Amino acid sequence: MERVIKALKWIGLGFFEPLIMLIQGKEVEKNIRLVFRQIIVPVLSVFIFLGACNIGADYLFKVERDRKIEKTRTVQGDAAAKQMQECIDSGDESCKPNSLPSPADVKKGAISLWEDHKSISAKKSAFKEKTAAINKKRKEAGQKAIVYTGRPSFVDQIYTSLKTVFAGFLLAALLAIPAGIVLGLSETLRTSINWIIQILKPVSPVVWLLLVSMVVKTVLANSDSDKSFVISFISVGLCSMWATLVNTAMGVSSVDQDYLNVSKVLRLGVFSNVFKVILPASIPMIFTGLRITLSVSWMVLIAIELLAQSPGLGSFVWEEFQNGANDSNAKIIVAMFVIGIIGFMLDRIMMFIQKLASFDSK
Amino acid sequence: MAAFLELRNVSKSYGSGDTMVDVLKNVNLTIEEGEFIAIVGFTGSGKTTLISLIAGLIEPDEGEILLKGKKVNGPGPDRGVVFQNYSLLPWLSVRGNVELAVKQVFPKLNKTELAAHVEKFVGMVNLTPALQKNPTQLSGGMRQRVSVARALAMDPEILLLDEPLSALDALTRGSLQIEIERIWRESKKTIMLITNDVDEGILLADRVIPLTPGPNATLGTEFKIGFERPRNKIAINADPNFKKERNAILAYLDEVGEHRGASKEEEFVLPDIQPIVKPNRFVINR
Ligand SMILES: Nc1ncnc2c1ncn2[C@@H]1O[C@H](COP(=O)(O)OP(=O)(O)OP(=O)(O)O)[C@@H](O)[C@H]1O
Ligand SMILES: [Mg+2]
């Protein structure tokens, strides 16, 4: 049991500890209070939030409904207006006014997205089976396999987004950490490049995207790699790398004088000095930077996909918005929550890795 | 023959212009090989500065420091330093910390020799059970001993100890004092011990040299301590000579300390209390 609690704490779910203690009947009074504060109140607040959404959605729905009826009245006359009113009140999807979806609508949207995903994956596997024989032949003949090119499901979009964000994050880390170390070590370099960094740091994702696509378009003109993927992950990387760059440079340049004295007294060479003293000392800062980078990556990714029309959650949101179907709004809200939850999970994972890497918690 | 370590008219200031502090002025000191000397002084008088100068971490503004007749420039493996605040690398275990130093000084050792060497010195400070532990898991006294082991393992010719025991409680301090004396006898190293505890200086050293209060601190009259070795704390405490030496040193320190206060009043100089921001001192998530 001790171990379970420790493990929970490690992955950032320490708030379950009092509940487990309570089930075991340990320190009942204290743990009841803790459970109340750490579990019951947060859960309650979620319900209050949902309730508020519901009231808001209801209100907006009524406004939208009245307006729709009024509009029908002025355009088509009283009879049509009455018909419209009946149609709306009967709950018919075809004449439902388009407003902020209620939590129930959102739930429906989520279910329909899941159903859609199931049917698409069924189609996919059917397609795979059908083309298996042909693809084998094509492969033997040195030709490209035939792949499924149908509409991606919501889950596929999530997968694509995650892939892009990881590629972008990796790029950011590979660029920013070495550059940050070099900058941190050399005061001259740091001051001479500082302005460029300060200017590039606040540049909006949109501009990076345009810039990257200008370059990628030319460079990859004759290659058949996935251009939109390349463009979006590079833009994500460039937008998000600054936090890591600045943090790494700062960490490296501000290593505790005591450690540097040790290094000097031991007369460590440049290599040992960097890898045995300076880098370990700046690991906490580097990871703080990486954590910010990952959350920035995820945030700008959605915007970039939306703009670049590259597949992923961003373009999903955009397509649903343009689509304007009855349940589009609900699906957008579902996407919003999925984006939020994934962002939260990514942050937790980084926090976990950060803990593993920092020397003081060992 | 030249002395083992010699400081000639060494002066050191920090900062410049209005914020300049003249820490040490005209410091002269000669230490013979195998000697154990103690420098006692008030806090802030420049003791750490003196150690850093000898260690080669900073350079004197004036004067020179000679080690076996050769001018010191930069740190070297011949001088082992035990820093005032331990300065262990918290991402390395006890073994790792000592090993880093040993590898640097004896790059030719193979794996088993290296391990044996590290273990010998960790054993010397009675920390064998803590070999694999990280510094954050150790008590202050244990960290201090690791720091001593690290310095000893480099097999330096002189050990520079910067207030190694002042952060410890009286009981631990007592036992570590005995240990330091034992290590000194066994390893036959020259030791320069910085301390703010006159009793500690008398208990351990051949000579106790007071550092006058700063600014412009310099070494004052030295006191030779003749108790026989190995030293025994209880016996020394009971010795009437101990009280005499101690009172003499304290009286001397009092005198130079008062002189400092008096001169300040005479000149109507306001106390120089500016915050001193040491560069590159950010504590990272510790
Ligand atoms: N890097 C530095 N820059 C500027 N001033 C410094 C620096 N290091 C020390 N000083 C100043 O020099 C004086 C002597 O400092 P030092 O650390 O040598 O004193 P100390 O005798 O070791 O004190 P303690 O007993 O508290 O360790 C102090 O006034 C201190 O503020
Ligand atoms: Mg000091």
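Me: A crossing of two helices is right-handed if the near helix is turned clockwise from the far one by less than a right angle, and left-handed if anticlockwise. In this predicted model, which hand has the crossing of helix 9 of chain A and helix 11 of chain A?

Reply: The crossing of helix 9 and helix 11 of chain A is right-handed.

Me: Why is helix 9 of chain A called roughly antiparallel to helix 11 of chain A?

Reply: Helix 9 (residues 227-253) and helix 11 (residues 270-308) of chain A pack at an angle of about 155°, and their axes are 7 Å apart. An angle over 145 degrees counts as roughly antiparallel, so helix 9 of chain A is given that description relative to helix 11 of chain A.

Me: What makes helix 5 of chain A and helix 6 of chain A roughly perpendicular to each other?

Reply: Helix 5 (residues 103-140) and helix 6 (residues 154-185) of chain A pack at about 85°, with 7 Å between their axes. The range for roughly perpendicular runs from 65 to 115 degrees, and the two helices are therefore placed in that class.

Me: Which residues meet where helix 5 of chain A packs on helix 6 of chain A?

Reply: From helix 5 of chain A come L113(A), W114(A), H117(A), I120(A) and K124(A), which meet F154(A), V155(A) and D156(A) of helix 6 of chain A. These residues divide into five nonpolar, one polar and two charged.

Me: How many aromatic pairs are counted over all chains, and what makes the pair of F154(A) and F316(A) tilted?

Reply: The count is eight aromatic pairs over all chains. In the pair of F154(A) and F316(A), the centres are 4.7 Å apart and the planes are at 50°. Stacked requires under 30 degrees and edge-to-face over 60, so the rest, tilted, applies here. F154(A) lies in helix 6 of chain A and F316(A) in helix 12 (residues 313-323) of chain A, so the pair ties together parts 162 residues apart in sequence.

Note on methods:
Residues numbered from 1 in each chain as written. Chains lettered and ligands numbered in written order. Predicted model: local features only at pLDDT ≥ 70, side-chain atom pairs only at ≥ 80, totals over all residues. Heavy atoms only, no water. Axes fitted to C-alpha atoms, helices over the stretch in contact; angles between N-to-C directions. Helix = DSSP H or I, 4+ residues; strand = E, 2+ residues; numbered from the N terminus. Parallel < 35°, antiparallel > 145°, perpendicular 65-115°, else oblique. Contact = heavy atoms within 4.5 Å. Nonpolar A, V, L, I, M, F, W, Y, C, P; charged D, E, K, R; others polar. Phe/Tyr/Trp six-rings, centres within 6.5 Å; stacked < 30°, edge-to-face > 60°.
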